[in-house]
Amino acid sequence: MKKFDEIKKVPFEGPNSKEPFAFKYYNPDEVIHGKKMREHLKFALSYWHTINYCGTDMFGGDTEEKTFGETDPLKMYKKKADFAFDLMEKLSIDYYCFHDVDIAPQGKTFKETLDYFNQMVDYLSEKQKATGKKLLWDTANNFGDKKFMAGAATSPNADVFAFSAAKVKACIDADVKLGGTGYVFWGGREGYDTLINTNMGLELDNLARLLKISRDYGRKIGYKGDFYIEPKPKEPTKHQYDFDAATCANFLRKYDLIKDFKLNIEANHATLAGHTFQHELRVARVNGIFGSIDANQGDMLLGWDTDQFPTNIYDATLAMYEVIKQGGFTNGGLNFDAKTRRQSNTLEDILLAYIAGMDTFALALRTAFKIIEDGRIDDFVEKRYDSYNHGIGKKIVDDQVTMEELSSYALNLKDIEVESGRQEYLESIFNNILFEK
Ligand code: XUL
Ligand code: CO
């Protein structure tokens with residue numbers, strides 16, 4: 001197999017190609033339903049997994065090398081940025097995402113760290129101008145450092161709250177400088193391990209306070225992008241406050257933040273919450289807070305956040321169905337919050353992993369459009385609810401009916417027959433479209 005440096009650009013060769021370093025389904029500039037595939041899918045590279053992660057797990061150290069031959073911290077992070085932009089170019093990826101700690105070295109003081117960070121933001125800005133690549137979203141890593149062991153916005157220590165806000169501010173500033181269209185709040189430590197030591201009410205109020213301050217600051221300095229919450233039920237904290245999409249929707253409504261915040265839905269987080277990826281996307285959609293996607297998949301036999309590259313075409317197709325029904329991405333996109341396996345430890349494995357993930361979603365996009373065009377599934381659902389288009393059903397959905405009226409209507413009913421849900425038949429249509437030649 002070829003080595004990383006031998007691959008200049010991954011071409012589209014179509015489904016019959018046997019070339020490992022070619023796309024079989026992702027043809028970036030092909031127009032499907034009025035838009036280029038790259039615009040439908042808005043793929044993004046995740047800096048943390050792709051540029052920094054070196055294969056470490058709970059039982060062993062690195063299996064990969066990503067220092068790019070540098071020991072000087074700032075030079076190394078510049079080389080990392082060069083690698084990131086080179087990778088995006090090779091893969092025809094237009095966007096990237098990062099945490100503050102991903103793009104720059106840590107200084108001895110917070111001031112020095114911010115200084116490195118701002119220098120690297122300038123460097124990224126130059127790289128963006130030279131290549132046309134864009135920032136999809138950024139975020140503050142308010143979970144890794146020891147200070148965050150009891151939370152960031154939900155820490156019992158007010159200094160930690162202030163420190164968290166300062167890190168969010170730096171990222172929103174960077175977002176504005178880089179023309180990013182998203183800022184993500186993922187609350188890995190915003191939760192609790194035991195209620196015996198926790199003031200849940202105050203913690204939730206404080207979490208909302210940080211979101212409000214961040215929104216107000218962002219809007220004040222001209223940030224026009226979206227703010228997202230990324231739901232996750234657990235890991236690293238036992239109970240995370242942003243458990244799932246429905247919990248987040250309730251939180252945003254309670255604190256009057258629902259107009260300014262949307263959700264960044266991650267596939268593996270959905271399954272950890274006991275839901276499907278499609279379920280979480282649908283909950284976001286029906287609540288008007290669908291924003292962006294962290295594409296990956298978990299392993300049903302493991303039950304932790306394995307962040308694997310997505311290759312499950314069934315789940316990806318159902319996800320793209322939701323994206324299309326939502327009207328497509330606006331400020332959001334499809335970020336591969338995914339890493340190569342510890343044993344896939346070469347640079348070319350990164351290319352192969354992205355090719356696999358991108359082709360999965362490209363095929364999913366094509367198939368989801370076919371399912372919608374075919375119409376059998378959508379028509380079935382529409383007819384299933386036909387009783388709400390007339391008679392008592394119409395009165396119910398028009399909010400024109402009282403309890404008394406419903407009661408006397410029900411008294412006059414003879415047999416009520418609910419029609420078959422036809423699940424197996426619909427699943428067979430899905431397979432038929434998925435696997436047709
Ligand atoms: C953690 C996770 C994060 C967020 C950004 O599970 O998904 O990488 O996407 O902080
Ligand atoms: Co994520």
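Tutor: A residue is called buried when its relative accessible area is under 20%, and exposed when that area is over 50%, with partly exposed in between. Keep that handy, and remember that this is a predicted model.

Student: Okay, so why is Asp294 called buried?

Tutor: Asp294 has 0% relative accessibility. The cut-off is under 20%, so Asp294 counts as buried.

Student: And what makes Glu266 buried or exposed?

Tutor: Try the cut-off again: Glu266 has a relative accessible area of 2%. Buried means under 20%, so Glu266 is buried.

Student: What are the protein donors of the cobalt ion (ligand 2)?

Tutor: They are Glu230 (OE), Glu266 (OE), Asp294 (OD) and Asp337 (OD), and they lie 1.9 to 2.1 Å from the ion.

Student: How do you know that those count as donors?

Tutor: A donor is an N, O or S atom within 2.8 Å of a metal such as this one. The distances here are 1.9 to 2.1 Å, so these atoms pass the test.

Student: How are the donor residues of the cobalt ion (ligand 2) spaced in sequence?

Tutor: The pattern reads E-x35-E-x27-D-x42-D. One pair links distant parts of the chain: Glu266 sits in strand 10 (residues 261–266) and Asp294 in strand 11 (residues 290–295), 28 residues apart.

Student: Why is the site of the cobalt ion (ligand 2) called octahedral?

Tutor: Six donors count as octahedral if opposite ones are over 155 degrees apart and all others lie between 65 and 115. The six donor atoms here make angles of 79 to 172°, and the site is classed as octahedral.

Student: Strand 11 came up with Asp294. What about Ser292, is it buried or exposed?

Tutor: Ser292 is in strand 11 too. Its relative accessible area is 0%; the limit is under 20%, so Ser292 is buried. Leaving out residues up to four places away in sequence, Ser292 touches several residues, including Trp137, Tyr228, Ile265 and Phe329.

Student: Which way do helix 10 and helix 11 run, roughly parallel or roughly antiparallel?

Tutor: The axes of helix 10 (residues 277–286) and helix 11 (residues 313–325) cross at roughly 10° and come within 9 Å. Angles under 35 degrees count as roughly parallel, so helix 10 is roughly parallel to helix 11.

Student: Which residues meet there?

Tutor: From helix 10, Phe277, Gln278, Leu281, Arg282 and Arg285 meet residues of helix 11, among them Leu318, Tyr321 and Glu322. By class, the contact has five nonpolar, one polar and five charged residues.

Student: What about Pro310, then: buried or exposed?

Tutor: Pro310 lies in the loop between strand 11 and helix 11. With a relative accessible area of 4% against a limit of under 20%, Pro310 is buried. Among the residues Pro310 touches are Asn296, Phe336 and Phe361.

Student: Why is His33 called partly exposed?

Tutor: His33 has a relative accessible area of 45%. Lys42, at 9% relative accessibility, counts as buried. His33 is in the loop between strand 1 (31–32) and strand 2 (35–36), while Lys42 is in the loop between helix 1 (37–41) and strand 3 (43–46).

Notes
Residues numbered from 1 in each chain as written. Chains lettered and ligands numbered in written order. Predicted model: local features only at pLDDT ≥ 70, side-chain atom pairs only at ≥ 80, totals over all residues. Heavy atoms only, no water. Donors = N, O, S within 2.8 Å, 3.2 Å for Na, K, Ca; no water. Tetrahedral: all angles 85-135°; square planar, octahedral: opposite > 155°, others 65-115°. Helix = DSSP H or I, 4+ residues; strand = E, 2+ residues; numbered from the N terminus. Buried < 20%, exposed > 50% of the residue type's maximum accessible area, 1.4 Å probe, protein only. Axes fitted to C-alpha atoms, helices over the stretch in contact; angles between N-to-C directions. Parallel < 35°, antiparallel > 145°, perpendicular 65-115°, else oblique. Contact = heavy atoms within 4.5 Å. Nonpolar A, V, L, I, M, F, W, Y, C, P; charged D, E, K, R; others polar.
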